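I opened this model to look up its cores, helices, cavities and backbone geometry. The entries below follow the order in which I went through them.

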Amino acid sequence: MAQHRCCATSRCSRKIRRILSAWSICVFMPYVFLFPPSAEAGLYTPTDQIVILNPDSVDSVLFNSSSALVVEFYASWCGHCVAFSPVWKSLARDVKEWKPAVDLAAIDCADEVNRMTCFRFGITGYPTLKFFHAYSRSESQGQRLKAPPYEVRGLRHLVIDTMETHEETWPPACPPELRALKAEIDNIFDTNSGGYLALVFEEAGSYVGREVTLDLLQYENITVRRVLSTEDGLVSKLGVTEFPSCYLYRPGGNFTRLGVDIEARTFYSYALQRLPGVIRAGKSLTVVSDLHENTTQQEWRPFNRTRVYMSDLESALHYSLRVELAAHPVISGEDLTALKRYISVLAKYFPGRPMVQNLLQSVDAWLKERGDSELLYSSLQDMLDNTGQIPDAVLPERVTWVGCQGTQAHFRGYPCSVWTLFHVLTVRAMKTPGAAPLEVLQALRGYVRSFFGCRYCASHFETMARENMNQVRSPATAALWLWYRHNRVNNRLAGALSEDPSFPKVQWPPPDLCPRCHTVKENGEHSWNQEEVLRFLKEYFSSERLLQDYLEGEAQLLREQREKLAARQEQEAQRGADGKGEGGGGGRAEEGREGEEEEEEEEKEEAEEQGAPGEMAGLRPADEPWASELPPWGWPTPGSEPAEAAAKRRAQKPSIVGLKPWQPREDIVDLDSFVNQHYKAKALRAAALAGRVRRRSLQRKEEAELQPVEPERPQERGLPGRYAGLEEERGDGGPGRKRWTSLLSVGFSGLDLSLCLLLYFSSCMCLLAMYLYFRLRLRLRRAKVAQP
């Protein structure tokens with residue numbers, strides 16, 4: 001018997017466990033969908049100029065493509081792959097212009113989703129580089145690059161050598177064999193239709209000509225060819241004596257040697273890309289005129305590209321503080337900390353005019369004095385508008401781009417000025433004794449992360465900051481760090497839709513602006529002379545060299561600010577006068593009060609629910625006929641209560657909040673009108689008289705409703721929609737009934753009784769569930785004891 005009972009209880013236990021398991025699945029499955037596990041990001045992102053492959057895209061990218069691809073098969077857990085990833089990223093940035101001919105890709109074989117794809121291409125070790133020629137067939141396994149060099153220059157040359165081994169259909173973007181013979185040059189002479197022709201003369205083992213040719217693939221109106229030193233006909237025809245060297249054939253003229261500071265790939269490519277009329281494919285060169293009628297509708301402002309303009313800095317300041325921050329009505333937490341740091345750095349290092357510096361310093365002091373955990377932007381805006389009328393303090397509210405103006409409204413502008421502002425702040429901090437190394441960078445990072453409108457740009461800047469910003473050890477290093485990251489962004493955005501064709505994004509400063517900043521290693525590879533770059537940054541962004549052109553005068557700005565504040569105060573005064581006039585007594589027109597009826601009714605209902613008799617008594621005017629007869633707590637004494645008020649109180653429902661008696665209610669004159677008009681005695685008396693008339697009418701109506709109905713005592717607590725326990729005038733009301741009412745002194749509605757019944761039923765069910773649970777547990781224990 002015990003054994004049978006044990007089996008029954010076991011089945012019951014298993015059933016309970018199944019129910020609990022199903023319940024837990026229902027509860028926790030939504031969290032699985034709401035918070036999915038983060039995907040493995042791998043070592044690369046699309047911002048690295050590298051194609052990220054997966055099983056769905058590998059076939060469409062690698063096979064039958066018009067350009068070749070070099071693919072890195074790696075594992076994210078492989079230490080050697082991690083060490084190689086910076087080289088692969090640098091190579092991708094270096095050959096970014098080669099994409100029509102060759103592109104770089106990567107796939108993470110450590111990801112289980114990609115594992116079968118890696119096995120399909122015979123990958124057994126990491127990292128593995130494979131070259132897929134243009135128009136590769138679907139059965140191609142790619143050409144393995146054996147023992148590749150782990151530096152950018154060697155990889156670049158290896159890619160070029162592998163491209164030249166192509167034996168099938170030649171990629172249309174690449175010139176045949178990347179070199180030209182005399183016959184081809186003669187043909188180009190005959191068919192040249194107005195574009196430039198650049199010939200790079202070099203030795204057979206040099207890669208400069210081929211690299212420059214690939215660098216110019218995406219540019220129109222120019223043709224680049226490589227000529228070997230063994231081509232005696234062309235060499236003698238042009239009188240070439242140095243290798244490498246570049247000769248340019250201009251439309252309608254003869255060949256002239258291209259003047260560059262150093263005969264190297266970087267200098268050749270930059271000089272050819274900047275030739276007049278040479279533009280990136282797919283972009284139209286905008287002709288800068290005095291007035292852009294179809295674009296910005298603004299007059300073009302001539303500027304000196306070798307200088308920084310204060311107008312750009314003040315415009316960036318205005319836009320960041322009045323436009324970007326305005327998108328955040330309430331600023332708190334980390335955002336508030338970032339704002340305080342940003343304002344502090346601006347107040348300390350911004351090289352503005354005295355009136356702008358005064359305003360920034362006042363805002364900084366105001367923020368430091370505040371100890372609140374959150375900040376309303378409206379309060380900050382008042383400080384920026386100088387509503388406190390601090391002497392000689394103003395921030396111009398106009399946007400006037402000069403050095404950052406674009407040929408169209410969506411080009412350059414604010415992003416250009418923000419970068420310029422950041423560089424100016426880092427250089428100013430570098431020249432300030434005792435400046436903390438990361439003070440400016442941390443402030444800029446916080447501002448971009450919290451407030452910069454382009455969230456994709458902010459995410460990319462945060463990614464760069466997480467890489468190695470904590471390795472900055474001096475203000476000079478901070479300036480170089482920002483310069484290097486700015487060039488990375490320029491490389492990423494070169495050729496994008498946001499690039500202004502008239503102001504292409506280049507590695508800055510270019511050779512013509514700072515020749516000494518560029519140098520060449522012994523192997524011919526370009527490198528930056530960081531000492532010269534730092535010297536150039538100090539000079540270019542120096543506060544002493546800022547141009548004050550296109551600025552409004554300080555006197556004019558201060559006058560406009562005073563006029564604006566005066567107009568604002570006048571508007572506020574007018575609104576206050578209009579508010580007083582709208583509430584000016586019962587003789588006003590009805591339309592003035594119709595718009596406020598809902599709000600007044602809600603406020604009166606809220607006051608009734610709170611049951612604050614003392615506050616209501618305090619709001620009554622002194623000339624109310626029965627106001628002086630009230631005791632301090634606002635409830636009439638039995639002896640002094642007027643008959644009308646007593647009748648009204650009997651008809652009122654008692655409050656159930658705080659077990660307090662109900663306050664007599666004024667039906668006609670609302671409390672808000674009393675507060676706003678307590679100086680108008682005549683209006684108050686008229687309103688009070690109307691209230692008494694209304695109360696008498698309500699009393700007669702309620703007495704008429706109550707008199708014919710004589711409910712039985714057992715039915716008083718069950719009347720739907722009414723309150724039980726109300727004190728009514730009954731001729732036969734016994735003391736027992738009155739004693740019961742005075743003890744409770746509260747009323748219960750039908751809703752209150754329903755809630756009580758619901759709580760009572762819930763309590764009973766909980767007790768029943770506890771009883772069944774412990775009974776079942778006791779049976780299980782007895783069954784275990786009964787087992788042999």
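I began with Asp364, which is buried at a relative accessible area of 11%; buried means under 20%, exposed over 50%, and partly exposed in between, with a 1.4 Å probe and protein chains only. This is a predicted model, in which local features need pLDDT of at least 70 and side-chain atom pairs count only at pLDDT 80 or more, while totals for chains, interfaces and linings use all residues. Residues are numbered from 1 along each chain as its sequence is written, and side-chain values use heavy atoms, with hydrogens and water left out.

I placed Asp364 in helix H12 (residues 354-369); helices (H or I, at least four residues) and strands (E, at least two) are DSSP runs numbered from the N terminus. Leaving aside neighbours within four places in sequence, I found Asp364 in contact with Ile343, Ser344 and Ala347, where contact means heavy atoms within 4.5 Å.

I then took Glu314, in helix H10 (residues 310-324). Glu314 is buried, with a relative accessible area of 4%. Not counting residues up to four places away in sequence, Glu314 touches Phe350, Arg353, Val356, Pro396 and Leu551.

**Whole chain**

I read off 27 helices and 15 strands for the protein chain. Of its 788 residues, 42% are buried. Among contacts with a separation of 6 or more, 72% join residues 24 or more positions apart.

**Nonpolar cores**

Which residues touch the most other members of the largest nonpolar core? In this core of 80 residues they are Leu317, Leu321, Phe350, Leu380, Leu421 and Leu425. Such a core is a set of buried Ala, Val, Leu, Ile, Met, Phe, Trp, Tyr and Cys residues joined through side-chain atoms within 4.5 Å. Helix H14 (residues 414-430) gives the most to this core, with ten residues. I noted another core lying apart from it, of 30 residues, with Tyr44, Val102, Val152 and Leu214 among them.

I followed up Leu321 and, not counting residues up to four places away in sequence, it touches Tyr342, Ile343, Leu360, Tyr377, Leu384 and Leu395.

H14 has 17 residues and reaches 24 Å from first C-alpha to last, close to the 24 Å expected at 1.5 Å a residue; the expected span is 1.5 Å times one less than the number of residues. I found 15 of the 17 residues of H14 buried.

Helix H15 (residues 439-451) has 13 residues and reaches 18 Å, close to the 18 Å expected. Ten of the 13 residues of H15 are buried, so H15 is largely enclosed by the rest of the structure. I listed the partners of those buried residues as H10, strand S12 (330-332), helix H11 (333-349), H14, helix H16 (455-468) and H17.

In helix H18 (residues 530-540) I found Glu532, Val533, Leu534, Phe536, Leu537 and Tyr540 buried. The buried residues of H18 pack against H14, H17 and strand S15 (526-528).

**Cavities**

How many cavities of 30 Å³ or more does a search of the whole structure find? It finds five. On a 1 Å grid over the protein atoms alone, a cavity is a set of points where a 1.4 Å probe fits but cannot get out, and lining residues have an atom within 4 Å of a point. Points are joined across faces, edges and corners, and a volume is the space filled by probe spheres set on them.

The largest cavity holds about 60 Å³. I listed its lining as Thr47, Asp48, Gln49, Arg93, His460, Arg488, Asn491 and Arg492. Helix H17 (residues 475-493) gives the most to this lining, with three residues. The lining has no nonpolar residues, four polar and four charged; Ala, Val, Leu, Ile, Met, Phe, Trp, Tyr, Cys and Pro count as nonpolar, Asp, Glu, Lys and Arg as charged, and the others, Gly among them, as polar.

**Backbone**

Most residues other than glycine have a negative phi, and most peptide bonds are trans. I noted a cis bond from Tyr126 to Pro127, with omega near -10°, and a cis bond from Phe243 to Pro244, with omega near 0°.

Tyr135 has a positive phi, near 60°, and is partly exposed at 28% relative accessibility. Arg412 has a positive phi of about 55° and lies in the loop between helix H13 (377-384) and H14.

Terms used
On a 1 Å grid over the protein atoms alone, a cavity is a set of points where a 1.4 Å probe fits but cannot get out, and a pocket is an open set with protein on both sides within 12 Å along at least five of seven lines; lining residues have an atom within 4 Å of a point.
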